[in-house]
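Hi,

Here is the structure I said I would pass on.

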Amino acid sequence: MHDIAIIGGGIIGCTIARELSKYDLRLILLEKTSDVGAGATMANSAIVHSGWDPEDGTLKAALNVAGSRMYEDFCRELGVSFVRSSALVVATSEEEETTLRARYARAVTRDIPATLLNRDEAHAAEPNLSDNVTLAMELPTTAIINPWETAIACAEEASMNGAEFRLLTELTGAERVIDGERSFFLLQTNDGVFESRTVINCAGLFADRVAALFEETVDFSITPRRGEYFVVDKLAHPVVRRVIYPVPSSVGKGILATPTVDGNLLLGPNALDIDDRDGIETTAEGMSFVLAKIGRTVTGVPGDRLIRQFAGLRAKGNGGDFWIGPSATIPGLFHVACIDSPGLSSAPAIPSYLIENYLAKMFPFVAKSAYQHRRPTLRLDRMSPVDREALVRSDPSFAEMICRCEHITKGEILDAIRRPLGARTVKGVKKRARPGMGRCQGGFCEPRVVAILAEELGIDPTEITYDGPSAKLFAGWLGDLPISDGEVTDHA
Ligand SMILES: Cc1cc2nc3c(=O)[nH]c(=O)nc-3n(C[C@H](O)[C@H](O)[C@H](O)COP(=O)(O)OP(=O)(O)OC[C@H]3O[C@@H](n4cnc5c(N)ncnc54)[C@H](O)[C@@H]3O)c2cc1C
């Protein structure tokens with residue numbers, strides 16, 4: 001019997017699991033995909049917004065401001081990337097200037113550092129701003145992170161501190177059992193039945209469907225809102241150093257340009273409400289829209305250095321705000337739902353909000369005497385030359401280059417596989433160590449990553465998948481296929 005079952009291993013489920021693992025509680029997290037840090041957590045702008053945008057009086061505003069203030073310490077404790085990039089919100093018309101001044105007043109009221117810059121000051125700060133920009137608001141506390149690295153780090157730490165993680169385990173049904181004074185849930189999955197006294201629903205885009213497994217009437221509904229992006233290759237002279245936001249509109253923060261913690265540039269996202277909750281494909285219209293809009297605020301984007309496109313789905317709630325709290329009808333069930341943007345920025349503040357307002361009434365919250373922190377991933381590009389040389393001398397696998405674009409060695413890939421909750425798929429390795437994230441997108445290194453995974457896991461290479469059983473890489477060995485002894489045609 002578990003005390004708390006968390007459904008969903010995105011940034012929200014993982015931060016909650018990590019925080020709860022500091023206490024004497026029996027925890028389990030069920031995640032339907034092959035890894036944590038999938039879903040929306042894998043496909044977003046990766047910005048820690050300072051909290052200047054959400055409407056007054058919303059949970060979004062309160063948790064975004066609180067989360068953003070916690071982020072630097074949170075990332076330092078976890079040993080993950082955090083870059084205080086700063087941001088400019090740029091206006092390109094009189095109407096936008098009026099909106100921008102109102103957002104500036106909002107930022108000041110919330111004690112968020114902000115400065116208005118005139119045209120010259122804005123262009124001096126960011127020389128690649130378009131000539132259309134007439135006024136800007138600088139938000140120096142804005143930061144960028146790697147969202148899936150952060151989620152994975154939380155999951156690693158939670159697992160090191162006793163939380164059980166079940167991957168490829170989808171919650172498909174639930175029953176509340178009342179046994180005298182006590183009650184608990186039977187959680188049906190594709191991989192067995194689990195028992196838990198309470199459940200926290202962190203199922204992202206599917207949170208309303210997960211709620212419906214427990215409740216007849218669900219208090220919220222979710223619409224997928226797709227956002228599409230371009231990734232620009234690493235450049236010797238970055239196009240922008242800060243996040244560049246347009247002035248927001250009713251559908252969101254608009255098409256922005258943002259550096260990433262690993263030196264790329266992201267352009268996007270658009271915002272299109274769709275029906276398909278698996279609709280993460282990119283579209284010609286969406287990508288053209290992103291390129292057309294970015295030109296209004298930023299110039300100098302090299303069109304020949306766009307190395308990838310991707311899309312993410314925001315879990316847009318019908319109420320416009322996050323929906324965090326207990327179910328109205330089922331005791332012991334809690335929802336952390338409708339977590340669209342700024343969910344990432346709010347993530348460090350959500351666990352304590354949940355504990356202080358709800359969970360503390362149910363459990364004594366006795367802190368564990370010894371909480372273990374994780375060891376940061378081994379990344380040669382973040383080491384001093386002296387440390388790098390020492391590592392290579394102690395273990396020659398750190399001298400064997402596997403990914404030539406991102407300069408990732410075999411040693412770093414082995415570390416990604418051998419860690420707690422280590423990588424089991426090509427994408428899992430890519431998320432933890434970055435091979436395949438560069439301009440060849442895995443064209444050269446992917447077969448070598450497959451070979452390393454197979455050797456390390458002691459399985460046949462054909463069993464290695466890209467991202468779980470539904471994303472197979474191989475149909476089988478060529479030798480197993482019925483090849484005829486027919487003539488070989490010479491095309492020379
Ligand atoms: C285009 C875009 C841009 C964004 N930009 C930003 C930004 O710059 N800054 C910011 O603060 N926020 C941003 N966000 C929002 C942020 O990404 C999300 O708020 C955050 O990732 C939500 O995390 P989550 O854990 O709730 O959801 P997810 O990451 O989607 O995780 C939910 C998990 O639940 C699992 N699951 C679902 N159903 C089940 C089931 N039945 N059983 C088991 N597991 C299940 C899923 O597989 C998934 O892994 C953006 C979002 C998008 C889409």
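Let's start with F365, which sits in the loop between α9 (350–357) and α10 (385–394); helices here are DSSP runs of H or I with at least four residues, strands are runs of E with at least two, and both are numbered from the N terminus. F365 is not a glycine, yet its phi is positive, about 55°. It counts as buried, at 15% relative accessibility (buried is under 20% relative accessible area, exposed over 50%, partly exposed in between, with a 1.4 Å probe and protein chains only).

Before going on, the ground rules: this is a predicted model, where local features need pLDDT of at least 70 and side-chain atom pairs count only at pLDDT 80 or more, while totals for chains, interfaces and linings use all residues. Residues are numbered from 1 along each chain as its sequence is written, and side-chain values use heavy atoms, with hydrogens and water left out.

L421 is another non-glycine with a positive phi of about 55°. You'll find L421 in the loop between α11 (410–418) and α12 (426–433), partly exposed with a relative accessible area of 25%.

There are cis peptide bonds to look at too. One runs from G268 to P269, with omega near -10°, and P269 is in the loop between β16 (265–268) and β17 (272–273). Another runs from S341 to P342, with omega near 10°; P342 belongs to the loop between β20 (333–337) and α8 (343–346).

Back to α9: its buried residues are I350, P351, L354 and I355. These cover an arc of only 130° around the axis, so they lie on the same side of α9 (the arc is that of the directions from the helix axis to the C-beta atoms). Their packing partners are α1 (11–20), α2 (59–78), β12 (192–201), β19 (323–326), β20 and α8, where contact means heavy atoms within 4.5 Å.

On a 1 Å grid over the protein atoms alone, a cavity is a set of points where a 1.4 Å probe fits but cannot get out, and a pocket is an open set with protein on both sides within 12 Å along at least five of seven lines; lining residues have an atom within 4 Å of a point. Grid points are joined across faces, edges and corners, and a volume is the space filled by probe spheres set on the points.

How many cavities of 30 Å³ or more are there in the whole structure? The search finds two.

- The largest cavity holds about 110 Å³. Its lining divides into two nonpolar, two polar and eight charged residues (Ala, Val, Leu, Ile, Met, Phe, Trp, Tyr, Cys and Pro are nonpolar, Asp, Glu, Lys and Arg charged, the others, Gly among them, polar). α5 (147–160) gives the largest share of that lining, four residues.
- The second largest cavity has a volume of about 30 Å³. T377, L378, R379, E412, D415, A416, R432 and A433 line it, and α11 gives the most, with three residues.

Finally, the second largest pocket has about 270 Å³ of space. Of its 17 lining residues, S34, L167, L168, R424 and T425 lie nearest the centre. The lining of this pocket comprises eight nonpolar, five polar and four charged residues.

Cheers
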